[in-house]
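Please walk through this structure with the text below.

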Amino acid sequence: LEDESSLLLQPSGANPGCTDPLPVLELSSATAPPPQAVSSPESAKEETAEKLIKLAFEQTGSLGIEFERTAAPYIVDSVHAHGLAHGRGLQRGDRLELVGGEPVAALDWQSLVPRLTTR
């Protein structure tokens with residue numbers, strides 16, 4: 001199933017006894033809110049704004065997030081049922097925006113992975 005070439009994020013096993021949480025991940029949602037009657041231009045702006053998903057992980061283990069590719073923008077391809085991110089509201093198409101409060105759009109894959117696996 002997953003191998004070393006997989007895009008599945010696996011937190012580092014270098015510190016097996018460490019229980020420090022991963023940094024907070026912030027992702028913009030791929031899904032827009034359901035259409036509703038718009039009463040003003042201001043409410044139209046509010047309804048089309050992307051939803052920001054913030055996740056913090058307090059357990060060690062695999063996040064179970066697979067991205068479409070190993071370059072920005074980091075778009076979620078799938079969330080595996082066995083990963084820590086499962087059941088946390090992530091969906092295919094969500095875009096990773098911030099890790100630990102830092103933007104990730106300019107980061108290459110080799111710079112991003114350590115930020116996601118820091119313990």
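A salt bridge here is a side-chain nitrogen of Lys or Arg within 4 Å of a carboxyl oxygen of Asp or Glu. By this rule the count comes to three. The model is a predicted one, in which local features need pLDDT of at least 70, side-chain atom pairs count only at pLDDT 80 or more, and totals for chains, interfaces and linings use all residues. Residues are numbered from 1 along each chain as its sequence is written, and side-chain values use heavy atoms, with hydrogens and water left out.

One of the salt bridges joins Asp77 to Arg92, with the closest N and O atoms 3.1 Å apart. Asp77 belongs to strand E4 (residues 76-79) and Arg92 to the loop between E4 and E5, so the pair links distant parts of the chain, 15 residues apart. Helices (H or I, at least four residues) and strands (E, at least two) are DSSP runs, numbered from the N terminus. Asp77 is partly exposed at 23% relative accessibility, whereas Arg92 is exposed at 59%. In these terms, buried means under 20% relative accessible area, exposed over 50%, and partly exposed in between (1.4 Å probe, protein chains only).

Another salt bridge is formed by the side chains of Arg95 and Glu97, at 2.5 Å from N to O. Arg95 has a relative accessible area of 27% and Glu97 one of 24%; Arg95 is partly exposed, and Glu97 is partly exposed. Glu102 also forms a salt bridge, with Arg115, where the closest N and O atoms are 3.6 Å apart. Glu102 lies in strand E6 (residues 102-103) and Arg115 in helix H2, so this pair ties together parts that are 13 residues apart in sequence. Glu102 is partly exposed at 41%, and Arg115 is partly exposed at 30%.

Now turn to strand E1 (residues 25-28). Both of its faces are covered: Leu25 and Leu27 are buried on one side, Glu26 and Ser28 on the other. E1 runs antiparallel to strand E2 (residues 52-55), joined by four bridges, and Leu25 stands opposite Leu55 there. Four bridges also join E1 to strand E5 (residues 95-99), again antiparallel, and in E5 Leu25 stands opposite Val99. Two strands pair if DSSP finds at least two bridges between them.

In soluble globular proteins, nonpolar side chains tend to be buried together. A nonpolar core is a set of buried Ala, Val, Leu, Ile, Met, Phe, Trp, Tyr and Cys residues joined through side-chain atoms within 4.5 Å. The largest such core has 20 residues, of which Leu25, Leu27, Ile65, Leu96 and Leu112 touch the most other members. Two or more residues come from each of E1, E2, strand E3 (65-67), E5 and helix H2 (109-117). H2 gives the most, with three residues.

Which aromatic rings form one cluster? Phe67, Tyr74 and Trp109 do. Rings of Phe, Tyr and Trp (its six-membered ring) pair if their centres lie within 6.5 Å; planes under 30 degrees apart count as stacked, over 60 as edge-to-face and the rest as tilted. The whole structure holds three aromatic pairs. Among them, Phe67 and Tyr74 are edge-to-face, 6.1 Å centre to centre with 75° between the planes. Phe67 is buried at 2%, and Tyr74 is buried at 1%. Phe67 and Trp109 also form an edge-to-face pair, at 6.1 Å and 75°. That pair links strand E3 to helix H2 across 42 residues, and Trp109 is buried at 15%.
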